[in-house]
Amino acid sequence: MGKLVVLALLGMIRKRVKKYESSYRQRFSASREVEPVEPRNCQLIEGIENGSEDIDILPSGLAFISSGLKYPGMPNFAPNKPGQIFMMDLNKPNPSIQELSISNGFDKASFNPHGISTFIDEDHNVYLYVVNHPRMESTLEIFKFEEQQRSLVHLKTIEHELLKSVNDIFVVGPEQFYATRDHYFANHFLTLLEMLMDFRWSHVLFYSPKEVKVVAKGFNSANGITISPDKKYIYIADATDKSICVMKIHDNWNLTQLKVIHLDTFVDNLTVDPDTGDVLAGCHPNGWKILFYNPKDPPGSEVLHIQDVLSEKPKINTIYANNGSVLQGSSVAIVYNRKLLIGTVFHKALYCEL
(Lines give C-alpha, C1' and ligand atoms only; values in the text may rest on other atoms or scores of the structure.)
Protein backbone atom coordinates (compact mmCIF):
# COMPACT_ATOMS: atom_id res chain seq x y z
CA MET A 1 0.00 0.00 0.00
CA GLY A 2 1.39 3.42 -0.99
CA LYS A 3 2.63 5.80 1.69
CA LEU A 4 0.09 8.47 0.75
CA VAL A 5 -2.78 6.02 1.09
CA VAL A 6 -1.47 4.81 4.45
CA LEU A 7 -1.13 8.37 5.73
CA ALA A 8 -4.61 9.22 4.48
CA LEU A 9 -6.10 6.19 6.23
CA LEU A 10 -4.20 6.92 9.42
CA GLY A 11 -5.44 10.51 9.35
CA MET A 12 -9.00 9.32 8.79
CA ILE A 13 -8.79 6.89 11.72
CA ARG A 14 -7.34 9.54 14.05
CA LYS A 15 -10.04 12.05 13.10
CA ARG A 16 -12.79 9.50 13.64
CA VAL A 17 -11.41 8.37 17.00
CA LYS A 18 -11.08 11.99 18.15
CA LYS A 19 -14.58 12.89 16.96
CA TYR A 20 -16.25 9.88 18.54
CA GLU A 21 -13.79 9.22 21.36
CA SER A 22 -16.44 9.24 24.08
CA SER A 23 -18.53 6.70 22.17
CA TYR A 24 -15.54 4.48 21.42
CA ARG A 25 -14.34 4.61 25.03
CA GLN A 26 -17.74 3.38 26.12
CA ARG A 27 -17.85 0.70 23.44
CA PHE A 28 -14.41 -0.59 24.41
CA SER A 29 -15.09 -0.43 28.17
CA ALA A 30 -12.32 2.12 28.80
CA SER A 31 -13.39 2.73 32.39
CA ARG A 32 -14.02 -0.88 33.39
CA GLU A 33 -11.90 -2.33 36.18
CA VAL A 34 -12.18 -5.83 37.61
CA GLU A 35 -12.35 -6.92 41.21
CA PRO A 36 -9.63 -9.51 41.90
CA VAL A 37 -10.68 -13.17 41.76
CA GLU A 38 -8.00 -15.82 42.12
CA PRO A 39 -7.94 -19.52 42.95
CA ARG A 40 -5.88 -20.32 46.04
CA ASN A 41 -2.96 -22.10 44.42
CA CYS A 42 -1.72 -20.09 41.44
CA GLN A 43 1.77 -19.33 40.20
CA LEU A 44 3.30 -17.82 37.10
CA ILE A 45 4.84 -20.35 34.73
CA GLU A 46 8.58 -19.87 34.65
CA GLY A 47 10.00 -19.39 31.15
CA ILE A 48 7.00 -17.76 29.50
CA GLU A 49 7.54 -14.03 29.13
CA ASN A 50 6.34 -13.22 25.59
CA GLY A 51 2.82 -14.54 25.46
CA SER A 52 0.94 -17.82 25.58
CA GLU A 53 -1.84 -16.89 23.18
CA ASP A 54 -3.42 -20.31 22.80
CA ILE A 55 -3.26 -23.61 24.67
CA ASP A 56 -4.54 -27.09 23.85
CA ILE A 57 -4.30 -30.19 26.03
CA LEU A 58 -4.23 -33.82 24.93
CA PRO A 59 -6.36 -36.39 26.81
CA SER A 60 -3.05 -37.67 28.24
CA GLY A 61 -2.44 -34.33 30.00
CA LEU A 62 0.26 -32.93 27.71
CA ALA A 63 -0.39 -29.24 27.06
CA PHE A 64 0.79 -27.34 23.98
CA ILE A 65 1.32 -23.58 24.33
CA SER A 66 1.87 -21.12 21.47
CA SER A 67 4.12 -18.21 22.37
CA GLY A 68 5.66 -15.12 20.79
CA LEU A 69 2.75 -13.85 18.71
CA LYS A 70 3.46 -10.66 16.81
CA TYR A 71 0.07 -9.15 16.01
CA PRO A 72 -0.52 -5.70 14.52
CA GLY A 73 -1.48 -3.20 17.18
CA MET A 74 -0.49 -5.46 20.07
CA PRO A 75 2.61 -5.14 22.28
CA ASN A 76 5.48 -7.56 21.82
CA PHE A 77 8.34 -7.71 24.29
CA ALA A 78 10.69 -9.66 22.00
CA PRO A 79 10.03 -8.45 18.44
CA ASN A 80 13.15 -10.07 16.98
CA LYS A 81 12.64 -13.47 18.59
CA PRO A 82 10.83 -16.20 16.57
CA GLY A 83 7.70 -17.75 17.97
CA GLN A 84 7.81 -20.96 19.98
CA ILE A 85 5.69 -23.95 20.94
CA PHE A 86 6.05 -25.10 24.54
CA MET A 87 4.89 -28.33 26.13
CA MET A 88 3.84 -28.92 29.72
CA ASP A 89 3.07 -32.27 31.35
CA LEU A 90 0.17 -31.66 33.72
CA ASN A 91 0.51 -35.12 35.26
CA LYS A 92 3.64 -34.06 37.11
CA PRO A 93 3.29 -32.57 40.60
CA ASN A 94 5.22 -29.39 39.74
CA PRO A 95 4.97 -29.14 35.97
CA SER A 96 7.39 -26.98 34.01
CA ILE A 97 7.55 -26.02 30.35
CA GLN A 98 9.80 -27.41 27.66
CA GLU A 99 10.27 -25.87 24.24
CA LEU A 100 9.54 -28.29 21.42
CA SER A 101 12.18 -28.41 18.70
CA ILE A 102 10.96 -28.05 15.12
CA SER A 103 12.34 -30.13 12.26
CA ASN A 104 14.73 -28.72 9.68
CA GLY A 105 13.27 -27.41 6.46
CA PHE A 106 10.68 -25.28 8.19
CA ASP A 107 11.24 -21.50 8.26
CA LYS A 108 11.69 -21.09 12.01
CA ALA A 109 12.93 -17.49 11.76
CA SER A 110 9.53 -16.24 10.58
CA PHE A 111 7.47 -18.52 12.84
CA ASN A 112 4.66 -16.43 14.34
CA PRO A 113 2.15 -18.82 15.99
CA HIS A 114 -1.40 -17.79 16.84
CA GLY A 115 -4.29 -20.26 17.39
CA ILE A 116 -3.55 -23.99 17.74
CA SER A 117 -5.54 -27.23 17.67
CA THR A 118 -4.53 -30.86 18.19
CA PHE A 119 -5.77 -33.91 16.31
CA ILE A 120 -5.27 -37.62 17.08
CA ASP A 121 -5.74 -40.08 14.21
CA GLU A 122 -6.91 -43.70 14.30
CA ASP A 123 -3.35 -44.91 14.82
CA HIS A 124 -2.98 -42.59 17.83
CA ASN A 125 -0.57 -40.27 16.05
CA VAL A 126 -0.75 -36.72 17.39
CA TYR A 127 -0.80 -33.72 15.07
CA LEU A 128 -0.57 -30.05 15.98
CA TYR A 129 -2.20 -27.54 13.64
CA VAL A 130 -0.87 -24.00 14.04
CA VAL A 131 -2.12 -20.69 12.63
CA ASN A 132 1.06 -18.96 11.51
CA HIS A 133 1.64 -15.36 10.43
CA PRO A 134 5.00 -15.30 8.63
CA ARG A 135 5.67 -11.77 7.44
CA MET A 136 2.17 -10.90 8.72
CA GLU A 137 0.48 -13.25 6.27
CA SER A 138 -1.66 -16.25 7.23
CA THR A 139 -0.78 -19.90 6.72
CA LEU A 140 -1.80 -23.10 8.44
CA GLU A 141 1.06 -25.36 9.51
CA ILE A 142 0.65 -29.07 10.22
CA PHE A 143 3.15 -30.76 12.54
CA LYS A 144 3.42 -34.32 13.77
CA PHE A 145 4.27 -34.54 17.46
CA GLU A 146 7.07 -36.94 18.34
CA GLU A 147 6.58 -37.54 22.05
CA GLN A 148 9.82 -39.42 22.75
CA GLN A 149 11.95 -36.77 21.06
CA ARG A 150 9.78 -33.91 22.36
CA SER A 151 9.77 -32.46 18.87
CA LEU A 152 7.50 -31.30 16.04
CA VAL A 153 8.02 -32.61 12.51
CA HIS A 154 6.69 -30.18 9.93
CA LEU A 155 4.50 -31.97 7.40
CA LYS A 156 2.67 -29.37 5.38
CA THR A 157 1.83 -25.69 4.89
CA ILE A 158 -1.73 -24.86 3.86
CA GLU A 159 -2.46 -21.61 2.04
CA HIS A 160 -5.68 -20.44 0.44
CA GLU A 161 -7.11 -17.14 -0.76
CA LEU A 162 -9.87 -17.37 1.87
CA LEU A 163 -7.43 -18.11 4.68
CA LYS A 164 -6.51 -14.49 5.37
CA SER A 165 -6.33 -12.79 8.77
CA VAL A 166 -6.88 -16.18 10.42
CA ASN A 167 -7.14 -16.12 14.19
CA ASP A 168 -8.03 -19.56 15.48
CA ILE A 169 -8.85 -23.06 14.25
CA PHE A 170 -10.50 -26.24 15.43
CA VAL A 171 -9.54 -29.47 13.67
CA VAL A 172 -12.36 -31.95 13.01
CA GLY A 173 -10.54 -34.47 10.79
CA PRO A 174 -7.36 -35.03 8.77
CA GLU A 175 -6.74 -31.67 7.05
CA GLN A 176 -10.29 -30.64 7.93
CA PHE A 177 -10.90 -27.69 10.20
CA TYR A 178 -12.98 -24.65 11.02
CA ALA A 179 -11.08 -21.34 11.02
CA THR A 180 -12.04 -17.88 12.21
CA ARG A 181 -11.14 -14.87 10.12
CA ASP A 182 -11.07 -12.02 12.61
CA HIS A 183 -11.04 -9.28 9.96
CA TYR A 184 -12.00 -9.08 6.31
CA PHE A 185 -8.93 -6.99 5.48
CA ALA A 186 -5.36 -8.12 6.10
CA ASN A 187 -3.86 -4.61 6.19
CA HIS A 188 -3.56 -3.22 9.73
CA PHE A 189 -4.96 0.23 8.93
CA LEU A 190 -7.92 -1.23 7.07
CA THR A 191 -8.65 -3.62 9.93
CA LEU A 192 -8.71 -0.67 12.32
CA LEU A 193 -11.12 1.15 10.05
CA GLU A 194 -13.19 -2.02 9.72
CA MET A 195 -13.42 -2.32 13.50
CA LEU A 196 -14.22 1.35 14.11
CA MET A 197 -16.90 1.37 11.42
CA ASP A 198 -18.42 -1.87 12.77
CA PHE A 199 -18.63 -3.43 9.30
CA ARG A 200 -19.24 -6.99 10.61
CA TRP A 201 -17.43 -8.58 7.68
CA SER A 202 -15.63 -11.16 9.81
CA HIS A 203 -16.57 -14.80 9.23
CA VAL A 204 -15.89 -18.49 9.84
CA LEU A 205 -14.51 -20.88 7.22
CA PHE A 206 -14.53 -24.62 6.76
CA TYR A 207 -11.47 -26.09 5.09
CA SER A 208 -10.94 -29.52 3.56
CA PRO A 209 -8.75 -30.67 0.66
CA LYS A 210 -11.90 -30.88 -1.49
CA GLU A 211 -13.71 -27.72 -0.41
CA VAL A 212 -13.10 -24.35 1.25
CA LYS A 213 -16.15 -22.26 2.08
CA VAL A 214 -17.60 -19.61 4.35
CA VAL A 215 -19.98 -21.31 6.80
CA ALA A 216 -20.92 -18.40 9.08
CA LYS A 217 -20.66 -14.64 8.67
CA GLY A 218 -21.76 -11.32 10.12
CA PHE A 219 -19.28 -11.24 13.00
CA ASN A 220 -17.60 -8.12 14.26
CA SER A 221 -14.39 -10.03 14.99
CA ALA A 222 -14.63 -13.83 15.01
CA ASN A 223 -11.94 -15.01 17.39
CA GLY A 224 -11.70 -18.22 19.41
CA ILE A 225 -13.50 -21.35 18.24
CA THR A 226 -14.18 -24.73 19.83
CA ILE A 227 -16.62 -27.64 19.72
CA SER A 228 -19.00 -29.33 22.16
CA PRO A 229 -18.02 -32.77 23.52
CA ASP A 230 -20.72 -34.46 21.41
CA LYS A 231 -19.39 -32.73 18.26
CA LYS A 232 -22.83 -31.30 17.45
CA TYR A 233 -22.20 -27.62 18.21
CA ILE A 234 -19.55 -25.02 17.49
CA TYR A 235 -18.87 -22.14 19.87
CA ILE A 236 -17.44 -18.94 18.38
CA ALA A 237 -16.16 -15.92 20.29
CA ASP A 238 -16.99 -12.57 18.73
CA ALA A 239 -14.38 -10.48 20.49
CA THR A 240 -15.49 -6.88 19.96
CA ASP A 241 -19.18 -7.83 20.08
CA LYS A 242 -18.56 -9.22 23.59
CA SER A 243 -20.45 -12.40 22.81
CA ILE A 244 -20.28 -16.14 22.18
CA CYS A 245 -22.25 -17.54 19.24
CA VAL A 246 -23.58 -21.11 19.53
CA MET A 247 -24.00 -22.82 16.16
CA LYS A 248 -25.29 -26.22 15.07
CA ILE A 249 -23.11 -28.34 12.77
CA HIS A 250 -24.79 -29.90 9.74
CA ASP A 251 -23.72 -32.98 7.78
CA ASN A 252 -22.18 -30.79 5.06
CA TRP A 253 -20.20 -28.85 7.73
CA ASN A 254 -22.37 -25.73 7.34
CA LEU A 255 -23.35 -23.92 10.51
CA THR A 256 -26.68 -22.54 11.72
CA GLN A 257 -26.90 -20.06 14.57
CA LEU A 258 -28.87 -21.25 17.59
CA LYS A 259 -28.23 -18.51 20.11
CA VAL A 260 -25.89 -15.73 21.19
CA ILE A 261 -24.58 -15.37 24.75
CA HIS A 262 -23.97 -11.68 25.46
CA LEU A 263 -21.23 -10.80 27.94
CA ASP A 264 -19.67 -7.70 29.46
CA THR A 265 -16.14 -8.50 28.35
CA PHE A 266 -14.09 -8.95 25.17
CA VAL A 267 -13.97 -12.69 24.53
CA ASP A 268 -10.81 -14.19 23.07
CA ASN A 269 -10.20 -17.96 22.96
CA LEU A 270 -12.67 -20.62 24.08
CA THR A 271 -12.09 -24.12 25.42
CA VAL A 272 -14.45 -26.85 26.58
CA ASP A 273 -14.09 -29.02 29.66
CA PRO A 274 -14.41 -32.53 28.15
CA ASP A 275 -15.85 -33.93 31.39
CA THR A 276 -18.64 -31.39 31.93
CA GLY A 277 -19.11 -29.62 28.59
CA ASP A 278 -18.64 -26.27 30.35
CA VAL A 279 -16.97 -23.48 28.40
CA LEU A 280 -13.99 -21.48 29.63
CA ALA A 281 -13.38 -18.09 28.03
CA GLY A 282 -10.17 -16.09 28.20
CA CYS A 283 -11.27 -12.45 28.13
CA HIS A 284 -10.12 -8.83 28.05
CA PRO A 285 -12.20 -6.80 30.53
CA ASN A 286 -11.00 -3.47 29.14
CA GLY A 287 -10.62 -3.35 25.37
CA TRP A 288 -9.35 0.22 25.39
CA LYS A 289 -6.27 -0.78 27.40
CA ILE A 290 -5.52 -3.57 24.93
CA LEU A 291 -5.77 -1.22 21.95
CA PHE A 292 -3.78 1.58 23.60
CA TYR A 293 -1.22 -0.24 25.72
CA ASN A 294 0.27 1.66 28.65
CA PRO A 295 2.78 -0.28 30.79
CA LYS A 296 1.95 2.00 33.73
CA ASP A 297 -1.73 1.12 33.47
CA PRO A 298 -1.75 -2.31 31.80
CA PRO A 299 -4.76 -4.28 30.58
CA GLY A 300 -6.21 -6.75 33.02
CA SER A 301 -7.28 -10.37 32.67
CA GLU A 302 -10.55 -12.21 33.14
CA VAL A 303 -11.65 -15.83 32.83
CA LEU A 304 -15.30 -16.82 32.64
CA HIS A 305 -16.75 -20.24 33.42
CA ILE A 306 -19.99 -20.87 31.51
CA GLN A 307 -22.24 -23.76 32.50
CA ASP A 308 -25.34 -25.07 30.72
CA VAL A 309 -24.28 -23.37 27.50
CA LEU A 310 -27.23 -24.69 25.49
CA SER A 311 -29.88 -23.72 28.06
CA GLU A 312 -31.99 -20.56 27.94
CA LYS A 313 -30.07 -19.12 30.88
CA PRO A 314 -26.44 -20.28 31.04
CA LYS A 315 -24.69 -19.86 34.39
CA ILE A 316 -21.74 -17.49 34.09
CA ASN A 317 -19.11 -17.10 36.80
CA THR A 318 -15.76 -15.33 36.95
CA ILE A 319 -13.10 -17.77 38.12
CA TYR A 320 -10.12 -15.48 37.61
CA ALA A 321 -9.70 -11.72 37.40
CA ASN A 322 -6.68 -9.47 37.79
CA ASN A 323 -6.09 -5.78 37.05
CA GLY A 324 -2.82 -6.45 35.19
CA SER A 325 -0.53 -6.53 38.22
CA VAL A 326 0.00 -10.28 37.73
CA LEU A 327 -1.37 -11.17 34.31
CA GLN A 328 -1.96 -8.85 31.34
CA GLY A 329 -4.25 -9.54 28.40
CA SER A 330 -5.60 -13.02 29.12
CA SER A 331 -6.46 -14.85 25.91
CA VAL A 332 -7.20 -18.46 26.89
CA ALA A 333 -8.04 -20.67 29.85
CA ILE A 334 -8.18 -24.45 29.86
CA VAL A 335 -8.62 -27.16 32.50
CA TYR A 336 -7.31 -30.67 32.97
CA ASN A 337 -7.90 -32.80 36.06
CA ARG A 338 -8.64 -29.74 38.24
CA LYS A 339 -5.58 -27.91 36.95
CA LEU A 340 -6.08 -24.58 35.21
CA LEU A 341 -3.80 -22.89 32.68
CA ILE A 342 -4.35 -19.24 31.71
CA GLY A 343 -2.50 -17.78 28.73
CA THR A 344 -2.06 -14.24 27.43
CA VAL A 345 -1.62 -12.52 24.08
CA PHE A 346 1.80 -11.02 24.83
CA HIS A 347 2.52 -11.43 28.56
CA LYS A 348 3.02 -14.37 30.91
CA ALA A 349 1.03 -17.52 31.79
CA LEU A 350 -0.52 -18.80 34.99
CA TYR A 351 -0.84 -22.30 36.45
CA CYS A 352 -3.48 -22.95 39.12
CA GLU A 353 -4.61 -25.98 41.08
CA LEU A 354 -8.36 -25.88 41.66
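1. UniProt positions are given here in the numbering used for this structure, with feature names shortened, and such annotations may be inferred rather than shown by experiment. With that caveat, the unreviewed UniProt entry carries the annotation "glycosylation site" for Asn269 and Asn323. The model itself is predicted, and the points below should be read accordingly.

2. Asn269 belongs to strand β19, and with a relative accessibility of 1% it counts as buried, because buried means under 20% relative accessible area. Beyond its neighbours within four places in sequence, Asn269 is in contact with a list of residues that includes Glu53, Asp54, Asn167, Asp168, Asn223, Gly224 and Ser331.

3. Asn323, by contrast in location, sits in the loop between β22 (315–322) and β23 (330–336), where a relative accessibility of 42% makes it partly exposed. Its contacts, leaving aside neighbours within four places in sequence, are Val34, Pro298, Pro299 and Gly300, and its side chain also reaches the backbone nitrogen of Ser325 at 3.0 Å.

4. How many salt bridges does a search of the whole structure find? The search returns eight, and side chains of opposite charge can pair in this way when their charged atoms come close. In one of these bridges, the side chains of Asp264 and Arg32 meet with an N to O distance of 3.7 Å. This pair links distant parts of the chain, 232 residues apart, with Asp264 in the loop between β18 (255–262) and β19 (266–272) and Arg32 in the loop between α2 (21–27) and β1 (41–44). Asp264 is partly exposed at 48% relative accessible area, and Arg32 is likewise classed as partly exposed, at 21%.

5. A salt bridge also joins Glu33 to Lys289, with the closest N and O atoms 2.9 Å apart. Here too the pair links distant parts of the chain, since Glu33 lies in the loop between α2 and β1 while Lys289 is in helix α4 (residues 287–291), 256 residues away. Lys289, which counts as buried at 8% relative accessibility, meets the side chain of Asp297 in a salt bridge as well, at 2.9 Å from N to O. Asp297 is partly exposed, its relative accessible area being 37%. Elsewhere, salt bridges that share partners join Arg32, Asp264 and Glu302 into one network.

6. Is Thr226 buried or exposed? Thr226, placed in strand β15 (residues 222–227), counts as buried at 5% relative accessibility. Not counting residues up to four places away in sequence, Thr226 touches Phe170, Tyr233, Ile234, Tyr235, Leu270, Thr271 and Val272.

Terms used. Residues are numbered from 1 along each chain as its sequence is written. This is a predicted model: local features need pLDDT of at least 70, side-chain atom pairs count only at pLDDT 80 or more; totals for chains, interfaces and linings use all residues. Side-chain values use heavy atoms; hydrogens and water are left out. Helices (H or I, at least four residues) and strands (E, at least two) are DSSP runs, numbered from the N terminus. Buried means under 20% relative accessible area, exposed over 50%, partly exposed in between (1.4 Å probe, protein chains only). Contact means heavy atoms within 4.5 Å. A salt bridge is a side-chain nitrogen of Lys or Arg within 4 Å of a carboxyl oxygen of Asp or Glu. A polar contact is a pair of N or O atoms within 3.5 Å; within protein, one must be able to donate a hydrogen and the other to accept it, and residues adjacent in sequence count only if both atoms are side-chain atoms.
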